[in-house]
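Please keep the sequence and the model at hand while reading.

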Amino acid sequence: MTPRIQIISMRAMTRRRQYGEVANLLQGVMNVLEHFHKYMGIPQIRQLSERVKAAQTELGQQILADFEEAFPSQGTKRPGGPSNVLRDACLVANILDPRIKQEIIKKFIKQHLSEYLVLFQENQDVAWLDKIDRRYAWIKRQLVDYEEKYGRMFPREWYMTERIAVEFCHVTRTELAKIMRTRAKEIEVKLLLFAIQRTTNFEGILAKRFSGCTLTDGSLKKLESPPASTNPFLEDEPTPEMEELTMDKGDLEQPKKPKAPDNPFHGIVSKCFEPHLYVYIESQDKNLGELIDRFVADFKAQGPPKPNTDEGGAVLPSCADLFVYYKKCMVQCSQLSTGEPMIALSTIFQKYLREYAWKILSGNLPKTTSSSGGLTISSLLKEKEGSEVAKFTLEELCLICSILSTAEYCLATTQQLEEKLKEKVDVSLTERINLTGEMDTFSTVISNSIQLLVQDLDAACDPALTAMSKMQWQNVEHVGDQSPYVTSVILHIKQNVPIIRDNLASTRKYFTQFCIKFANSFIPKFITHLFKCKPISMVGAEQLLLDTHSLKMVLLDLPSIGSQVVRKAPASYTKIVVKGMTRAEMILKVVMAPHEPSVVFVDNYIKLLTDCNTETFQKILDMKGLKRSEQSSMLELFRQRLPTPPAGPEGASSLSLLAPTPEQESSRIRKLEKLIKKRL
């Protein structure tokens, strides 16, 4: 059969609506024309091609008319079931211009959803958010009805069921947006969350039922695909009910779940709620404010946590409650939107993290005064072993440790919260999630807590150091055991340090910081009071040297003092103690050295102390009790004997070579101890 005869036959079949035969015949004609495409310059072939196009146009118009008659846009009801003629017509439409197929799909879906637009008009009671379930129940029934009546009429590759569902979503989003603009003042947070929850659940059902392939059809797509990093259904949500979301204290520290496939339908309807999420954000602002107030009231009512000497400082339970609530809000909001509302929520989080740090943590730190408690010199000198001079009680020390531990937990969890927020928000907005300021606030609370602990122990030792500086060291006649002031310092260390160590057992690094800060505070203060001990006899200097060595040994043992478990002190701490207390010992050794001949004394000072400061040398002379006239000549000689370092960095290193080695200092201390034992 020639192509011309085929065209004539095809037109006859078209008039008789024999679309099944037309489809087979048309496909054959199209294949022949494609084969002769390069011969279109031949008049006969060009004329044949034009006849085929005319036949296709006529065929397409007839098929559209048939569908219009079967599924009128207005007026008559839809027929009760599918038509074999229309089923074959769809096969023809697959071969014709794609616009024919698109027009058929568009008209059928529009007719299929016409009832929905009438039932859920804006003025209908069922159109409001509280009855949003009825919308989704309606489309479920319609899809079942479609499958039963028309499922076999359209080719499977048309994905008609999914297309109906997608168009329903687009229409619903538009209608909901319209009615919410009109009745915005009636939207309450519970109603909004209810509507969003039901909507996101419906979107989840769509994702399980359909592939989302029609969303990439440019002719029908009306919504941009969601960001690839967003997956609100399969992460951090153990149940579909948002109200049942819970998080224990360590939940943010759990390993990340494997990334699940994205839901292509996420936001296809729920996007319409985003302009109204300010209602949700304002509600969370109010709720968090009330939560912080309740934390404050509970703390006042229940008092500080009980002392804990077994398992480390107790973290305040309110901080875990706060982050549980934060997690719930974050998951909820990520289901509502991954855009600007998440940024607004993170700002609210920042606000109440700061308030928690100020009102619950810093606000409950025990207060201290800058003075030494109004103590008089007589009371300092009368201080006896076992007397109470520490400013903070046992409960207050434990409270400081508890606040420090809580601040550390908040610091770590805030960092994890920032990471989670960045995972939830759109990629383009991640740079706007920044909780560094809040982490710094918790770091400040930690530093202040450590400083309070240091000041407390420091203040407890102050009376002993003052008593040391007030003793008549020139009248000491023999070297004995350690002086009472040393015993007092050791007593206070033994009272405070074990409590602090046990209550910071879970935050060991901050206990180390406490030890380092105390050493950096106590040792310079001890040396300052040492300079106030003037004049000093030879025996007095020997007694002070013995006291200094005793304090040095106690300080080296400070991190594990009173502990059954002996643990080596951190190297960073040991270095500070050895360096500082060795300087104190060198000062006393210089004082013990005879000042005649002057040149030998000055050179010995420069060698032992490697200190070119004239003021320090002046203090040494005062401790020796030299007269001003002797000091003048000695100071002049000191200035003359100072080494002149070469230019550049070598100068500093040349002076450092004059310093005695630790082995030399250790040997000298042992000799002194033997001397003291012989005298005893």
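W473 is buried, at a relative accessible area of 0%; buried means under 20% relative accessible area, exposed over 50% and partly exposed in between, with a 1.4 Å probe and protein chains only. The model is a predicted one, in which local features need pLDDT of at least 70, side-chain atom pairs count only at pLDDT 80 or more, and totals for chains, interfaces and linings use all residues. Residues are numbered from 1 along each chain as its sequence is written, and side-chain values use heavy atoms, with hydrogens and water left out.

A search of the whole structure gives 25 aromatic pairs. Rings of Phe, Tyr and Trp (its six-membered ring) pair if their centres lie within 6.5 Å, and planes under 30 degrees apart count as stacked, over 60 as edge-to-face and the rest as tilted. W473 and Y485 make an edge-to-face pair, with 6.4 Å from centre to centre and 90° between the planes. Since W473 lies in the loop between helix 15 (436-470) and helix 16 (484-503) and Y485 in helix 16, the pair ties together parts that are 12 residues apart in sequence. Y485 also counts as buried, at 4% relative accessibility.

The rings of F522 and F526 are stacked, because their planes stand at 20° with the centres 6.2 Å apart. These two residues are four apart in helix 17 (residues 508-531), a separation of about one helical turn. F522 is buried at 0% relative accessibility, and F526 is buried with a relative accessible area of 0%.

One aromatic cluster is formed by Y116, F120, Y136, W138, F168 and F202. Elsewhere, R183 lies over the face of W128, at 4.0 Å from the ring centre. A charge sits over a ring if NZ of Lys or CZ of Arg is within 6 Å of the ring centre and within 35 degrees of the ring normal.

## The chain as a whole

The chain has 24 helices and zero strands; helices (H or I, at least four residues) and strands (E, at least two) are DSSP runs, numbered from the N terminus. Of its 680 residues, 49% count as buried. Contact means heavy atoms within 4.5 Å. Among contacts between residues at least 6 apart in sequence, 82% join residues at least 24 apart.

Two packed helices are described by the angle between their axes and the distance between the axes. Axes are lines fitted to C-alpha atoms, for helices over the stretch in contact, and angles run from 0 to 180 degrees between N-to-C directions. Angles under 35 degrees count as roughly parallel, over 145 as roughly antiparallel, 65 to 115 as roughly perpendicular and the rest as oblique.

The axes of helix 11 (residues 317-336) and helix 14 (residues 394-424) cross at roughly 5° and come within 11 Å. These two helices are therefore roughly parallel to each other. Residues of helix 11 in the contact include F323 and M330, and those of helix 14 include Y409 and L417. By class, the contact has nine nonpolar, four polar and two charged residues; Ala, Val, Leu, Ile, Met, Phe, Trp, Tyr, Cys and Pro count as nonpolar, Asp, Glu, Lys and Arg as charged, and the others, Gly among them, as polar.

The axes of helix 10 (residues 278-302) and helix 11 come within 11 Å and cross at roughly 175°, which means that helix 10 is roughly antiparallel to helix 11. Among the residues in this contact are L288 and F295 of helix 10 and L322 and Y325 of helix 11. The contact of helix 10 with helix 11 divides into 12 nonpolar, four polar and one charged residues.

## Two buried helix residues

D458 is placed in helix 15 and is buried, with a relative accessible area of 6%. Not counting residues up to four places away in sequence, D458 touches F518, S521, F522 and K525. D458 and H492 are 34 residues apart in sequence, and 9.3 Å separates them in space, C-alpha to C-alpha.

I104 belongs to helix 5 (residues 98-112) and counts as buried at 2% relative accessibility. Leaving aside neighbours within four places in sequence, I104 is in contact with I63, L64, F67, A93, F154 and W158.

## Backbone details in two loops

The peptide bond from K534 to P535 is cis, with omega near -10°. P535 lies in the loop between helix 17 and helix 18 (538-556). Y159, although not a glycine, has a positive phi of about 50°. Y159 is found in the loop between helix 7 (132-150) and helix 8 (160-182), and at 40% relative accessibility Y159 counts as partly exposed.
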